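Biologist: I am new to this structure and would be grateful for a close look at one part of it. Please begin with that part and then place it in its wider setting.

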Amino acid sequence: MRISSLPYIDEHTTDIAAGVDDVWRSLGRTLDRSFSRPGAAGYARLVGCPDRTAAGPRPLAEGSTFPGFRVVAAVPGRELILEGSHRFSSYALIFRLEHVGPYHSRLRAESRAVFPGRAGGLYRRLVIGTGGHAIGMRRLLSAIRDRAE
(Lines give C-alpha, C1' and ligand atoms only; values in the text may rest on other atoms or scores of the structure.)
Protein backbone atom coordinates (compact mmCIF):
# COMPACT_ATOMS: atom_id res chain seq x y z
CA MET A 1 0.00 0.00 0.00
CA ARG A 2 1.28 3.47 -0.88
CA ILE A 3 0.31 5.78 1.94
CA SER A 4 0.48 8.84 -0.30
CA SER A 5 -2.26 7.31 -2.48
CA LEU A 6 -4.68 6.93 0.42
CA PRO A 7 -7.31 9.68 0.61
CA TYR A 8 -6.88 12.22 3.40
CA ILE A 9 -9.46 11.84 6.19
CA ASP A 10 -8.49 14.38 8.86
CA GLU A 11 -5.80 15.77 11.12
CA HIS A 12 -5.86 16.38 14.86
CA THR A 13 -3.31 18.45 16.77
CA THR A 14 -2.42 18.94 20.41
CA ASP A 15 0.15 21.15 22.11
CA ILE A 16 2.06 19.46 24.89
CA ALA A 17 4.02 21.00 27.75
CA ALA A 18 6.94 18.60 27.37
CA GLY A 19 10.01 18.15 25.20
CA VAL A 20 9.89 16.07 22.03
CA ASP A 21 11.80 13.17 23.63
CA ASP A 22 9.23 12.87 26.41
CA VAL A 23 6.37 13.13 23.92
CA TRP A 24 7.98 10.49 21.69
CA ARG A 25 8.18 8.03 24.59
CA SER A 26 4.61 8.85 25.58
CA LEU A 27 3.41 8.33 22.00
CA GLY A 28 4.89 4.83 21.79
CA ARG A 29 3.72 3.74 25.23
CA THR A 30 0.21 5.12 24.76
CA LEU A 31 -0.24 3.51 21.35
CA ASP A 32 1.05 0.20 22.66
CA ARG A 33 -1.24 0.34 25.67
CA SER A 34 -4.32 1.58 23.81
CA PHE A 35 -4.19 -0.86 20.91
CA SER A 36 -2.89 -3.92 22.76
CA ARG A 37 -5.88 -4.36 25.03
CA PRO A 38 -7.96 -7.54 24.63
CA GLY A 39 -10.82 -5.59 23.01
CA ALA A 40 -8.51 -4.23 20.31
CA ALA A 41 -7.17 -7.70 19.53
CA GLY A 42 -10.71 -9.09 19.34
CA TYR A 43 -11.81 -6.29 17.03
CA ALA A 44 -8.75 -6.83 14.82
CA ARG A 45 -9.67 -10.51 14.48
CA LEU A 46 -13.33 -9.70 13.82
CA VAL A 47 -12.63 -7.34 10.90
CA GLY A 48 -9.74 -9.41 9.52
CA CYS A 49 -6.64 -7.34 10.26
CA PRO A 50 -3.43 -9.16 9.39
CA ASP A 51 -1.69 -7.64 12.45
CA ARG A 52 -3.54 -8.93 15.50
CA THR A 53 -0.92 -8.96 18.24
CA ALA A 54 1.79 -6.77 19.71
CA ALA A 55 5.13 -7.94 18.33
CA GLY A 56 8.49 -6.66 17.20
CA PRO A 57 10.85 -4.11 18.69
CA ARG A 58 9.96 -1.95 21.65
CA PRO A 59 10.10 1.01 21.87
CA LEU A 60 8.18 1.16 18.60
CA ALA A 61 10.35 0.95 15.50
CA GLU A 62 9.94 -0.14 11.90
CA GLY A 63 8.40 -3.63 11.94
CA SER A 64 6.69 -3.29 15.32
CA THR A 65 3.04 -4.31 15.34
CA PHE A 66 0.00 -4.09 17.55
CA PRO A 67 -3.59 -5.04 16.74
CA GLY A 68 -4.63 -3.30 13.55
CA PHE A 69 -1.32 -1.58 12.82
CA ARG A 70 2.24 -2.06 11.63
CA VAL A 71 4.99 0.56 12.04
CA VAL A 72 6.34 1.33 8.57
CA ALA A 73 8.58 4.25 9.58
CA ALA A 74 9.85 5.65 12.85
CA VAL A 75 12.09 8.69 13.19
CA PRO A 76 12.43 9.20 16.95
CA GLY A 77 11.31 12.64 18.05
CA ARG A 78 9.88 13.48 14.61
CA GLU A 79 7.57 11.03 12.88
CA LEU A 80 5.82 7.70 13.35
CA ILE A 81 3.94 6.14 10.44
CA LEU A 82 1.50 3.30 10.98
CA GLU A 83 -0.44 1.39 8.38
CA GLY A 84 -3.07 -1.28 8.51
CA SER A 85 -5.87 -2.95 6.65
CA HIS A 86 -8.88 -5.18 7.07
CA ARG A 87 -11.87 -6.33 5.07
CA PHE A 88 -13.42 -2.87 4.92
CA SER A 89 -10.49 -0.46 4.73
CA SER A 90 -6.79 0.20 4.15
CA TYR A 91 -5.50 3.03 6.32
CA ALA A 92 -2.59 4.94 7.76
CA LEU A 93 -1.96 7.08 10.82
CA ILE A 94 0.91 9.53 10.56
CA PHE A 95 2.14 11.17 13.76
CA ARG A 96 4.37 14.21 13.36
CA LEU A 97 6.10 15.83 16.30
CA GLU A 98 7.40 19.42 16.30
CA HIS A 99 9.63 21.23 18.76
CA VAL A 100 7.81 24.51 19.50
CA GLY A 101 9.93 25.82 22.37
CA PRO A 102 11.58 24.77 25.60
CA TYR A 103 9.37 22.05 27.08
CA HIS A 104 6.73 22.71 24.43
CA SER A 105 5.90 20.36 21.57
CA ARG A 106 3.13 19.95 19.03
CA LEU A 107 1.83 16.53 18.00
CA ARG A 108 -0.16 16.09 14.80
CA ALA A 109 -2.05 12.94 13.87
CA GLU A 110 -3.06 12.63 10.22
CA SER A 111 -5.46 9.90 9.14
CA ARG A 112 -5.70 8.51 5.61
CA ALA A 113 -7.91 5.66 4.43
CA VAL A 114 -9.74 4.07 1.57
CA PHE A 115 -13.02 2.18 2.03
CA PRO A 116 -13.63 0.03 -1.06
CA GLY A 117 -16.96 -1.41 -2.09
CA ARG A 118 -20.39 -1.23 -0.50
CA ALA A 119 -19.24 -2.76 2.77
CA GLY A 120 -16.37 -0.27 2.92
CA GLY A 121 -18.76 2.62 2.29
CA LEU A 122 -21.00 1.46 5.11
CA TYR A 123 -18.00 1.03 7.41
CA ARG A 124 -16.85 4.57 6.55
CA ARG A 125 -20.28 5.95 7.49
CA LEU A 126 -20.17 4.06 10.79
CA VAL A 127 -16.63 5.08 11.73
CA ILE A 128 -16.06 8.47 10.10
CA GLY A 129 -19.59 9.70 9.47
CA THR A 130 -20.74 9.28 13.07
CA GLY A 131 -17.75 11.21 14.43
CA GLY A 132 -16.44 8.13 16.25
CA HIS A 133 -13.04 8.33 14.60
CA ALA A 134 -12.60 12.01 15.55
CA ILE A 135 -13.60 11.30 19.16
CA GLY A 136 -11.15 8.39 19.32
CA MET A 137 -8.31 10.47 17.90
CA ARG A 138 -8.93 13.34 20.34
CA ARG A 139 -8.93 10.87 23.25
CA LEU A 140 -5.74 9.25 22.00
CA LEU A 141 -3.95 12.60 21.69
CA SER A 142 -5.19 13.63 25.15
CA ALA A 143 -3.82 10.40 26.63
CA ILE A 144 -0.44 10.98 24.94
CA ARG A 145 -0.37 14.57 26.21
CA ASP A 146 -1.37 13.57 29.77
CA ARG A 147 1.30 10.85 29.90
CA ALA A 148 4.02 13.20 28.61
CA GLU A 149 3.19 16.12 30.89
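Modeller: The part to begin with is helix α4, which spans residues 132-148 and contains Arg147. Helices (H or I, at least four residues) and strands (E, at least two) are DSSP runs, numbered from the N terminus. The model is predicted: local features need pLDDT of at least 70 and side-chain atom pairs count only at pLDDT 80 or more, while totals for chains, interfaces and linings use all residues. Residues are numbered from 1 along each chain as its sequence is written, and side-chain values use heavy atoms, with hydrogens and water left out.

Arg147 counts as partly exposed because its relative accessibility is 39%; buried means under 20% relative accessible area, exposed over 50%, and partly exposed in between (1.4 Å probe, protein chains only). Accessible areas come from the Shrake-Rupley method with a 1.4 Å probe, and for residues only the protein chains shown count as cover. Together with Arg29, Arg33 and Arg37, Arg147 forms a positive surface patch. Patches are made of residues with over 30% relative accessible area and no salt bridge, like charges being joined within 9 Å and nonpolar side chains (Val, Leu, Ile, Met, Phe, Trp, Tyr) within 5 Å. Lys and Arg count as positive and Asp and Glu as negative, whereas His and the chain ends are not counted. The place of a charge is taken as NZ of Lys, CZ of Arg, CG of Asp or CD of Glu.

The wider setting is as follows. The protein has four helices and six strands, and from the N terminus on its elements run β-α-α-β-β-β-β-β-α-α. Its radius of gyration is 15 Å, close to the 15 Å that the globule rule gives for 149 residues, so the protein is as compact as a globular protein of that length. That radius is taken over C-alpha atoms, and the rule is 2.2 Å times the number of residues to the power 0.38. Of the 149 residues, 43% are buried.

Charged side chains also occur in pairs. Eleven salt bridges are found in the whole structure, each being a side-chain nitrogen of Lys or Arg within 4 Å of a carboxyl oxygen of Asp or Glu. One of them joins Asp32 and Arg58, at 2.6 Å from N to O. Asp32 belongs to helix α1 (residues 20-35) and Arg58 to the loop between α2 (38-47) and β2 (65-66), so the pair ties together parts that are 26 residues apart in sequence. Asp32 is buried at 18% relative accessibility, whereas Arg58 is partly exposed at 34%. A cis peptide bond, with omega about 0 degrees, joins Arg58 to Pro59, and Pro59 lies in the loop between α2 and β2.

A salt bridge also forms between Arg70 and Asp51, with their closest N and O atoms 2.9 Å apart. This pair links distant parts of the chain, 19 residues apart: Arg70 is in strand β3 (residues 69-75) and Asp51 in the loop between α2 and β2. Asp51 is buried, with a relative accessible area of 12%, while Arg70 is partly exposed at 33%. Finally, Glu11, Asp15, Glu98, Arg106 and Arg108 are linked in a network of salt bridges.
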